[in-house]
Amino acid sequence: MLLRDAARAACVSRTFLCSWRQYPKLTFSNKTLGLKRSARRRGDIARDFTNTVDHILKNHSGVGLKELRLEVHDCCNVKNYINSWLQTAITPGIEEISLLVQSYYNFPCTLLSDGRGNSIQDLYLTHCAFRPMVGIDCLRSLKRLHLCRVCITGDELGCLLSSSFALERLELRYCNELISLKIPFYLERLSFLMVYACKMLQMIESKAPNLFTFRFLGDPIQLTWRLLAIEALKCEVIIHDQLLQLCYYQASLHCTTS
């Protein structure tokens, strides 16, 4: 059943309404809402998308919500609503947040504070400005972080990682404000790191002891690694047919590009 149809059913069925208000997984996109671009004007689709999502989330109790995925294609007409939608969804118990927008949106990091973000295990953001501040204490359960075309500096990412002790997978794509990336030693569960086309990046330093897979695409940069077992690192490195040298504290390893 499409989300739009489920919302309509909730209007006429008391039993369905009770279950709908505690629905655990919500995915909002033009497809899930049955909005077809070919038959409608762009403005009409944006309006119907906004009205439907707003109605559903205003009637959701927030209780039992585990996953929220928002795919917003016309962000300019929806930005004023996204904050309130996220405020409804980001409550203790939420585990996955995916926000995929087509134009830049300033993600309100304050929504993650006061323990509300500590249950999030999976965070996927695109086309956002994401500005964690020093002293922010959130995302303690975060296992997977995927940032694509996100405005975030190395220091800001460091603030985020400082409390993400459970992090297992980190993916950074087209994050062009990153100049240096430092992975601290206390990220003991981090096993996968992907850095893709972050064009301003000059240096990666990792002290994560159990990093197993490193994937990199971009221009030559300085890489410094510190591992418990150097032979355990799998490298998939693409740097425009150039040789890449990974410099370790205790040894060195050369990886040819592919």
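View 1. Strand S2 (residues 67-72) pairs with strand S3 (residues 96-107) in the parallel sense over six bridges. Strands here are DSSP runs of E of at least two residues, helices are runs of H or I of at least four, and both are numbered from the N terminus; two strands pair if DSSP finds at least two bridges between them. Leucine 70 stands opposite leucine 99 in S3. S3 is also joined to strand S4 (residues 122-130) by eight bridges, and these two strands run parallel. Isoleucine 97 has leucine 123 of S4 as its bridge partner.

The structure is a predicted model, in which local features need pLDDT of at least 70 and side-chain atom pairs count only at pLDDT 80 or more, while totals for chains, interfaces and linings use all residues. Residues are numbered from 1 along each chain as its sequence is written, and side-chain values use heavy atoms, with hydrogens and water left out.

**View 2. Confidence along the chain.** The chain comprises five helices and 14 strands. Its average pLDDT (the predictor's confidence in each residue, from 0 to 100) is 79, and 72% of the residues score at least 70. Confidence is highest in strand S5 (residues 144-148), at a mean of 98, and lowest in strand S14 (residues 252-255), at 38. Over residues 240-258 the pLDDT is below 50, and this stretch has 44 contacts in the model beyond near neighbours in sequence; contact means heavy atoms within 4.5 Å. Where pLDDT is low, the predicted coordinates should not be read in detail.

**View 3. Phenylalanine 107 and the largest nonpolar core.** The largest nonpolar core has 64 residues, and those with the most contacts inside it are Phe28, Leu99, Phe107, Phe130 and Leu157. Such a core is a set of buried Ala, Val, Leu, Ile, Met, Phe, Trp, Tyr and Cys residues joined through side-chain atoms within 4.5 Å. Buried means under 20% relative accessible area, exposed over 50%, and partly exposed in between (1.4 Å probe, protein chains only). Phenylalanine 107 is buried, with a relative accessible area of 2%, and phenylalanine 130 is buried at 0%. Not counting residues up to four places away in sequence, phenylalanine 107 touches Leu86, Ile90, Leu99, Leu112, Leu125, Cys128, Ala129 and Phe130.

**View 4. Aromatic pairs.** Seven aromatic pairs are counted, where rings of Phe, Tyr and Trp (its six-membered ring) pair if their centres lie within 6.5 Å; planes under 30 degrees apart count as stacked, over 60 as edge-to-face and the rest as tilted. The rings of phenylalanine 49 and tryptophan 85 have centres 6.3 Å apart and planes at 65°, so this pair is edge-to-face. Because phenylalanine 49 lies in helix H3 and tryptophan 85 in helix H4 (residues 79-89), the pair ties together parts that are 36 residues apart in sequence. Both residues, phenylalanine 49 and tryptophan 85, are buried. Phenylalanine 107 and phenylalanine 130 also form an edge-to-face pair, at 5.3 Å centre to centre and 80° between the planes. Ring pairs link Phe49, Tyr81 and Trp85 into a cluster.

**View 5. Two loop residues with positive phi.** Aspartate 114, in the loop between S3 and S4, has a phi near 55°, a positive value in a residue other than glycine. Aspartate 114 is exposed, with a relative accessible area of 75%. Leucine 139, in the loop between S4 and S5, has a positive phi of about 60° although it is not a glycine. Leucine 139 is buried, with a relative accessible area of 0%.
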